[in-house]
Amino acid sequence: MKIDIEKNLFFIYTEHHLTNAINAISYFKILKENATLFLFISNEAKEDNHKLFKKIIIIREWSILSNIFRRSCDAELFENHLRKFSNTRIRLFSSIYKTDSVNLALSILKPQHFIVLDDGNAAYSIVIQRKLGYKLSIYSLLSSIYHRRYMLIYPKKITYFTKYTLSDLGNDNIIISPDKLENNTLELDNNSIIVLGSSIYLPNQRRKPIINYDHYLNVLTDITNKFPNKVFSYYAHRNEKK
């Protein structure tokens, strides 16, 4: 898949997002001189992965409300970095679909392609959000006033770079990312059940939960009841209360 794009910007918010970005760099055959990483996490990426990017820009994750109440200039610093790419054709990669930083990038850069990387199973909720369409919110209006620019952003078309088989995508595209096994010291046996936690039952300021909390617990209970003699381990999602 060859696309004539000058610069590729990667927005990374957690360490596992970086793994997906590396897979995308390999798939799209992106050269180092055309790849810039915006790192929105406090812990730096692994040193081995730095060599894939020409430049790494560390940004403290922010929101309009945090900027106002903390009197922070994080948003302004980020905007200044974006403006350096404003006259460049851009392909934007992000594991987060709707956040202040993504909306600001879409508004300033107007990228030719917006590619959404996997963030757990969040791709399913993004499909639902896009089917429902854009809804005006007080937060989006506040964001537009704060930045003095149009921030009511709804990309007409996105591309999912995902390991999931998604359906009913409308005008959106999908690329199935190749599975890449990492060195893993976790040992599995027939006496273990391991469940990776999810945030699909948690609401946030931008969406309702995908499933009801009680239904989520019932599914976990059904699993434990079906395999009463096995050791059940649950690894919480980062947004779940430990």
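Predicted model: local features only at pLDDT ≥ 70, side-chain atom pairs only at ≥ 80, totals over all residues.
Numbering runs from 1 along each chain as its sequence is written, and side-chain values use heavy atoms, with hydrogens and water left out.

**Whole chain**

I looked up the secondary structure of the protein chain and found eight helices and nine strands. Both are DSSP runs numbered from the N terminus: helices are H or I with at least four residues, strands are E with at least two. Next came burial. Of the 242 residues in the protein chain, 44% are buried. The cut-offs are under 20% relative accessible area for buried, over 50% for exposed, and partly exposed in between, with a 1.4 Å probe and protein chains only. I also checked contacts, meaning heavy atoms within 4.5 Å. Among contacts in the protein chain with a separation of 6 or more, 63% join residues 24 or more positions apart.

**Helix α5**

How many residues of α5 are buried? I got 10 of its 10, so the DSSP-defined helix is mostly covered by the under 20% rule. The buried set includes Asp-100 and Asn-103 as well as Leu-104 and Leu-106.

I picked Val-102, which sits in helix α5. Its relative accessible area is 0%, so Val-102 is buried. Leaving aside neighbours within four places in sequence, I listed the contacts of Val-102 as Phe-11, Tyr-13, Ser-94, Ile-96, Tyr-97 and Phe-114. I also took a C-alpha distance: Val-102 and Ile-153 are 51 residues apart along the chain and separated by 9.4 Å.

Then I stepped back to Thr-99, in the loop between β4 (90–94) and α5. Thr-99 is buried because its relative accessible area is 11%. Thr-99 and Trp-62 lie 37 residues apart in sequence and 9.4 Å apart in space, C-alpha to C-alpha.

**α4 against α5**

I looked at helix α4 (residues 74–83) with helix α5 (residues 100–109). Their axes come within 10 Å and cross at roughly 35 degrees. Axes are lines fitted to C-alpha atoms, for helices over the stretch in contact, and angles run from 0 to 180 degrees between N-to-C directions. Is the crossing of α4 and α5 left-handed or right-handed? It is right-handed. That term applies if the near helix is turned clockwise from the far one by less than a right angle, and left-handed if anticlockwise.

From α4, Ala-75, Phe-78, Glu-79 and Leu-82 make the contact; from α5, Ser-101, Leu-104, Ala-105, Ile-108 and Leu-109 do. I sorted these residues into seven nonpolar, one polar and one charged. Nonpolar covers Ala, Val, Leu, Ile, Met, Phe, Trp, Tyr, Cys and Pro; charged covers Asp, Glu, Lys and Arg; the others, Gly among them, are polar.

**Positive phi**

Most residues other than glycine have a negative phi. I went back to Lys-110, which is not a glycine but has a positive phi of about 45 degrees. Lys-110 is in the loop between α5 and β5. With a relative accessible area of 59%, Lys-110 is exposed. I found a positive phi at Lys-29 too, near 55 degrees. Lys-29 lies in the loop between α1 (15–28) and β2 (35–39). Lys-29 is exposed because its relative accessible area is 68%.

**Cavity**

A cavity is a set of points on a 1 Å grid over the protein atoms alone where a 1.4 Å probe fits but cannot get out; lining residues have an atom within 4 Å of a point. Points are joined across faces, edges and corners, and a volume is the space filled by probe spheres set on the points. I counted one cavity of 30 Å³ or more. The largest cavity holds about 40 Å³. β5 (113–117), α6 (122–132) and β6 (159–162) each give two or more residues to its lining. Which element gives the most to that lining? α6 does, with three residues. The lining includes Ser-95, Asp-118, Ile-126 and Tyr-160. I sorted the lining into six nonpolar, two polar and two charged residues.

**Strand β9**

Last, I checked Val-231, in strand β9 (residues 231–235). Val-231 is exposed, with a relative accessible area of 52%. Beyond neighbours within four places in sequence, Val-231 is in contact with Asn-191, Ser-192 and Ile-193. The C-alpha atoms of Val-231 and Ile-193 are separated by 6.0 Å, at 38 residues apart along the chain.

How values were computed:
1 Å grid on protein atoms, 1.4 Å probe; cavity = no way out; pocket = protein on both sides within 12 Å on 5 of 7 lines; lining within 4 Å.
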